[in-house]
Amino acid sequence: METVMSLGHHFAAYSEWRSHLSASIGDFQDWLADNELSDAQTDLRLEQLLERLREDRLNVAFVAEFSRGKSELINAIFFADHGNRMLPSSAGRTTMCPTELLYDSARPPRIELLPIQTRSANSGVSEYKKFPDEWHLVPLDVTSPEAMQEALRHVSETLRVSPEEAGKLGFQLGDDAAAAYRVGDDGLVEIPRWRHAVINYPHPLLKEGLVILDTPGLNAIGAEPELTLSLLPNAHAVLFILAADTGVTQSDLAIWTDHIGEGGAARRGRMVVLNKIDGLWDELKSDAAIEAEIDRQVKATATLLNVPAAQVFATSAQKALTAKVNGDDALLARSRLPALESSLSQRL
């Protein structure tokens, strides 16, 4: 599979370099000891280097408002080898809370879910990671795609609470239909059940040290300072997903301006994805006319976000996933996903 091979080759080379460097540091430690040249300070610094290499990861963040096809894009790039979508992906909101996908061999495959009520305390998510009893655990049966799909639906769970409680938990309520959180006919507000999710899954790329951060919407970003202060700024690549059928909305622009795109043209690893271009595939238009319309939207998006057009990648994640599952090379090429995958591999 092209994307797994492309990204996999880059990660394998990076992992090999890391292993060689660790071995060289170990040899250097032995040489110092054999020649009685080591001391406590040098040993400590070398151990810190080895620990950093062992813990080193490459972080890719996917950021978008709801219904931009973000989860489907992650499915298409990383999980098409399952023959089905792993992350829930359907109309409306799917990923309800910030979600990390990674692999830690010291823990079994599982989903770790932090209850949304922990927002009422002053502790951040990183602090709660030191207290495993605070997390709800869901086992992952990696031998069954169906069981995994069922388990992953927990990430999408919601609660209905009073407007007062929603406000205390950091959710900004609105009155119009475009608001992410609003009071329903029953007087309650639907909010995410979980504050943060960690999916520990033995995927080949995750085993190599890849960490995927799936961030759902402006409200989630604004309510979790760690996202803007550490997770997003420290990501090696940030994919900002827009949808061709909605264009750049005010909330999209707020995410880009406030959290991602300041100096976006120069900041390394910032990529804009214009998803859902299959909505422009009109059978009454020629292929040339369709391509011209897509390119026009790419240029308009680049102008609005003040980035080079080469930094905006038009694609159809849904068609790309279908193409990979069915082995349809022509559909995969038309989805334009290979260009995005190639650029992502090079940037990482």
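Colleague: Why is the meeting of the Arg110 and Glu112 side chains called a salt bridge?

Modeller: The N to O distance between the side chains of Arg110 and Glu112 is 3.0 Å. A salt bridge is a side-chain nitrogen of Lys or Arg within 4 Å of a carboxyl oxygen of Asp or Glu, so this pair qualifies. By this rule the count comes to 14 salt bridges. The model is predicted: local features need pLDDT of at least 70 and side-chain atom pairs pLDDT 80 or more, while totals for chains, interfaces and linings use all residues. Residues are numbered from 1 along each chain as its sequence is written, and side-chain values use heavy atoms, without hydrogens and water.

Colleague: Are Arg110 and Glu112 buried or exposed?

Modeller: Both are buried. The term means under 20% relative accessible area, with exposed over 50% and partly exposed in between (1.4 Å probe, protein chains only). In the protein, buried residues make up 45% of the 348 residues.

Colleague: Why is Lys130 called exposed?

Modeller: Its relative accessibility is 59%, and the term applies over 50%, so Lys130 counts as exposed. Lys130 forms a salt bridge with Glu127, the closest N and O atoms being 3.5 Å apart. At 32%, Glu127 counts as partly exposed.

Colleague: What makes Lys324 buried?

Modeller: The relative accessible area of Lys324 is 10%, which is under 20%, so the residue is buried. Lys324 lies in helix 12 (residues 317-326). Helices here are DSSP runs of H or I with at least four residues, strands are runs of E with at least two, and both are numbered from the N terminus. The protein has 14 helices and eleven strands.

Colleague: What does the side chain of Lys324 reach?

Modeller: It reaches the backbone oxygen of Ala76 at 2.9 Å. Ala76 is one of the buried residues of helix 3.

Colleague: How do you know that helix 3 (residues 70-78) is mostly covered?

Modeller: Nine of its nine residues are buried. Among them are Lys70, Glu72, Leu73 and Phe78.

Colleague: What makes a set of residues a nonpolar core?

Modeller: The members are buried Ala, Val, Leu, Ile, Met, Phe, Trp, Tyr and Cys residues joined through side-chain atoms within 4.5 Å. The largest such core has 70 residues, and those touching the most other members are Phe62, Leu73, Phe78, Ile111, Ile199, Leu239 and Leu340. Strand 9 (residues 237-243) gives the most to this core, with six residues. Apart from it lies another core of nine residues, including Val161 and Phe171.

Colleague: Why do Phe28, Trp31 and Leu37 form a nonpolar patch?

Modeller: Patches are made of residues with over 30% relative accessible area and no salt bridge; like charges are joined within 9 Å, and nonpolar side chains (Val, Leu, Ile, Met, Phe, Trp, Tyr) within 5 Å. Phe28 has 41% relative accessibility, so this residue passes the 30% limit. Phe28 lies in helix 1 (residues 2-34). Together, Phe28, Trp31 and Leu37 have about 330 Å² of accessible area, a value from the Shrake-Rupley method with a 1.4 Å probe, in which only the protein chains shown count as cover for residues.

Methods. Polar contact = N/O pair within 3.5 Å; in protein donor to acceptor, adjacent residues only side chain to side chain.
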